[in-house]
Amino acid sequence: KADGTANFNSRYPMIRHYSRAAYLKSNKPKYCVECGYSTHFDVCHIKDIKSFPSDTLISKINSLTNLIALCKNHHWELDHGYLQLN
């Protein structure tokens, strides 16, 4: 697209990959912070990737202050507005 969104959208997989790598290297909890489930967790963006301008650096989007561990159910609830984080 001429507005640059197609290029930004193509960055999503890379942004998600680097967010997980950064999170796993951090000292942040390695379990769902809502329910404690630890067999598997998603690394979630507190502020949605789509809400950042297309020229935002990946390092800002993937700042540890913008990442949280959630189980699949709580991740879905966050993405659909059913879960409010403190």
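Q: What is the mean pLDDT of the protein?
A: This is a predicted model, and its mean pLDDT is 90, with 90% of the residues at 70 or more.

Q: And where is confidence lowest, and where highest?
A: Confidence is lowest in helix 1 (residues 5-9), with a mean of 57, and highest in strand 2 (residues 67-70), at 98. Where pLDDT is low, the predicted coordinates should not be read in detail.

Q: Staying with strand 2, are its faces covered or open?
A: Both are covered. Leu-67 and Ala-69 are buried on one side, and Ile-68 and Leu-70 are buried on the other.

Q: Which strand is joined to strand 2, and by how many bridges?
A: Strand 1 (residues 42-45) is joined to strand 2 by 4 bridges, and the two run antiparallel. Within this pairing, Cys-44 has Ile-68 as its bridge partner.

Q: Which residues make up the largest nonpolar core?
A: That core has 7 residues: Cys-32, Cys-44, Ile-68, Leu-70, Cys-71, Leu-78 and Leu-83. A second, separate core has 6 residues, among them Tyr-12, Ile-15, Phe-52 and Ile-58.

Q: What is Cys-71 in contact with, leaving aside neighbours within four places in sequence?
A: Cys-71 is in contact with Cys-32, Cys-35, Tyr-37 and His-40.

Q: Turning to helix 2, which of its residues are buried?
A: Tyr-12, Ile-15, Ser-19 and Tyr-23 are buried in helix 2. They lie on the same side of the helix, because they cover an arc of only 60° around its axis.

Q: What does the face turned away from that buried side carry?
A: That face of helix 2 carries the exposed residues Pro-13, His-17 and Lys-25.

Note on methods:
Residues are numbered from 1 along each chain as its sequence is written. This is a predicted model: local features need pLDDT of at least 70, side-chain atom pairs count only at pLDDT 80 or more; totals for chains, interfaces and linings use all residues. Side-chain values use heavy atoms; hydrogens and water are left out. pLDDT is the predictor's confidence in each residue, from 0 to 100. Buried means under 20% relative accessible area, exposed over 50%, partly exposed in between (1.4 Å probe, protein chains only). Two strands pair if DSSP finds at least two bridges between them. The arc is that of the directions from the helix axis to the C-beta atoms. A nonpolar core is a set of buried Ala, Val, Leu, Ile, Met, Phe, Trp, Tyr and Cys residues joined through side-chain atoms within 4.5 Å. Contact means heavy atoms within 4.5 Å.
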